[in-house]
Amino acid sequence: MGTNKQRSRFIDWVNGDTPEKIHEYSYVKKTIPSHTEQAHEEVITPKKARLFDIGYRITAVAVCLVVVSVLLYTVFNLPLFGSPNNPASNEVVERYVEKGLEETGAVNAVAGMILDYRAFDTFGESSVLFIAVGCVMMLLLRDKNNISAEEDALAEKERIIEKEVKDPILQKIVLVVTPCIFMFGIYVVLNGHLSPGGGFSGGAIMGAGLILFAASFGTNSVQRIFNMKTFRGITTIALMCYALSKAYSFFTGANGLETGIPLGIPGAILSSGLILVLDICVGLIVACTMYGFYSLFVRGEI
Amino acid sequence: MSDFLQTVVTFRFEIAAVILFGIGFMNLLLQKNLIRKIISFNIMDSSIFLFLASQGFIDGRVAPIIVNGVTDASNYINPIPTGLVLTGIVVSVSVSAFFLALVHRLYKKYGTVEFDEIIMLAKKEAE
Amino acid sequence: MEIIFEFLLIISLIICAVFALTSKRLLAATVIYMAYSLIMTIIWALLQSPDLAITEAAVGAGVTGILFAVTLKKIHALKGTKDE
């Protein structure tokens, strides 16, 4: 830390690679202006292109203004903001709030709604996250179909920099802060049915803590405990667990029949039946997803 | 005039949501840079969430977390928009991550993130 | 009094949205977008939706900003940060 060579290497890393390394791209970039000036057999002359551009801009602004004015007109004719006779607050809301405590056992009506009455919807949302990670993996994962020597060299360089450049202040602070973030995330997940929060927010907090750790100590140090295998295992097991427990609940008591799962005392941490289990599943999926995005973006692998 | 002002004050959140939607939509159409397009898409997303959540708000009532066993529905706001938006926020971040991954691949192929240049290069490649 | 505070928040929200899309450097746009998300967090809290406030603070201001920043590094858009 401190020598000039390391410093310049670090600056290179921050600025991305030096341009001569990516000669292919710079070659492509150089050809752009000549291509526009040439205007070969295609009829798109610069003048025509500019006319199209101006027309496009004017049309876009006009469309936006029309949309905004129509929406504003609609807004002024909506039922009053904040009035209790709003048509949105109908008998469904009354049912969710008044019967929610005894039917689901959740003190937080939002958690009771999204994880009990509408749990199937939340299952779809968790699957969306899973599929999103799958798509990002398809695009960015570095496997035998998506590999080049330049990138390998770049990744090797970054790995060396990761090892050499250590920031003591950042690392000491992260060592103190990360356990607190994780503790808060776990608290938010486990208290999803009692207080604001739940699987989505707690999972995002845990994922952010993992990202912070990975950003300061390098993704290698996280990879020792959290790699592709654990990622796959945790997400699939959490999704399966969600699906199975909700399927059981649908099978036995979706209409308020006996489920055999005790609801417990409202307000206790072990209460409200399946909501706690589902919260934990969702939290694990979200945390894995967030870290998976980061890791795939940074290195192309988890 | 005072009537109009009164209406604006009443519908402040809805009007803000519509204005943000307009800003996001206009920039989505006009910006050339793909990263800016994604940011404006995110702004459109959150404006819609703001509109939904403001529809569920009721003056003088508190968040639907039951305290002291009071289960009367006239004490709490509408929990349904909150539940919908909660899942929507998390889906929006995964959508923008997918967009960013696409941008990354486009940069790897064409060496730029400007929309016009990408289209030009793609046309040239197709010839 | 509360209405004035809400109007301040709404106006700064719109200002942030405009500046996030008109700023020259992409990194500045990302940072302003994160500020936009934080203002949104306070608005969620005012609208009596604490669940949304927690989620937006963790997701909108945290994870999305990080993903944008990492992408900016990957597409070599951080040239302005050169240390000389």
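# Notebook: chains A, B and C of a predicted model

**Entry 1. Chain C as a whole.** I counted 3 helices and 0 strands in chain C; helices (H or I, at least four residues) and strands (E, at least two) are DSSP runs, numbered from the N terminus. I noted that this is a predicted model, in which local features need pLDDT of at least 70 and side-chain atom pairs count only at pLDDT 80 or more, while totals for chains, interfaces and linings use all residues. Residues are numbered from 1 along each chain as its sequence is written, and chains are lettered from A and ligands numbered from 1 in the order in which they are written.

Read from the N terminus, the elements of chain C follow the order α-α-α. I recorded a span of about 50 × 25 × 20 Å for its C-alpha trace along the principal axes. Chain C has 84 residues, of which 50% count as buried. A residue is buried if 20 or more other C-beta atoms lie within 10 Å of its own, exposed if 12 or fewer, and partly exposed in between, with C-beta atoms placed from the backbone. Among the contacts in chain C with a separation of 6 or more, 40% join residues 24 or more positions apart. Two residues are in contact if their C-beta atoms, placed from the backbone, lie within 7 Å.

**Entry 2. C:Gln48.** I looked up the loop between helix H2 (26-46) and helix H3 (50-74) of chain C, where C:Gln48 lies. Its phi is near 60°, a positive value in a residue other than glycine. Most residues other than glycine have a negative phi. C:Gln48 is buried because 21 other C-beta atoms lie within 10 Å.

**Entry 3. H4(B) against H3(C).** I examined helix H4 (residues 79-110) of chain B and H3(C), whose axes come within 10 Å and cross at roughly 0°. Axes are lines fitted to C-alpha atoms, for helices over the stretch in contact, and angles run from 0 to 180 degrees between N-to-C directions. H4(B) is therefore roughly parallel to H3(C); angles under 35 degrees count as roughly parallel, over 145 as roughly antiparallel, 65 to 115 as roughly perpendicular and the rest as oblique. The residues that make this contact include B:Val93, B:Ala97 and B:Leu100 of H4(B) and C:Val63, C:Leu67 and C:Thr71 of H3(C). By class, the contact of H4(B) with H3(C) has 13 nonpolar, 7 polar and 3 charged residues. Ala, Val, Leu, Ile, Met, Phe, Trp, Tyr, Cys and Pro count as nonpolar, Asp, Glu, Lys and Arg as charged, and the others, Gly among them, as polar.

**Entry 4. C:Leu67 and the core.** I then followed C:Leu67, which touches A:Phe293, A:Tyr294, A:Phe297, B:Ala97 and B:Leu100, not counting residues up to four places away in sequence. The largest nonpolar core holds 125 residues, and A:Met290, A:Tyr294 and C:Leu67 touch the most other members. Such a core is a set of buried Ala, Val, Leu, Ile, Met, Phe, Trp, Tyr and Cys residues joined through C-beta atoms within 7 Å. H12(A) supplies the largest share of this core, 18 residues.

**Entry 5. The sides of chain A.**

Towards chain C, the contact takes 21 residues from chain A and 20 residues from chain C. Helix H1 (4-14), helix H9 (199-217) and helix H12 (275-299) of chain A each give two or more residues to this side. H9(A) has the largest share, 7 residues. I recorded 15 nonpolar, 6 polar and no charged residues on the side of chain A that touches chain C.

**Entry 6. H4(A) against H5(A).** Helix H4 (residues 91-104) and helix H5 (residues 109-117) of chain A pack at an angle of about 65°, with their axes 10 Å apart. The two helices are therefore roughly perpendicular to each other. The contact residues include A:Tyr96 and A:Gly100 of H4(A), and A:Gly112 and A:Met113 of H5(A).

**Entry 7. B:Ala17.** I located B:Ala17 in helix H2 (residues 12-30) of chain B. B:Ala17 is buried, with 25 other C-beta atoms within 10 Å. Leaving aside neighbours within four places in sequence, B:Ala17 is in contact with B:Ser47, B:Leu50, B:Phe51 and B:Ser54.
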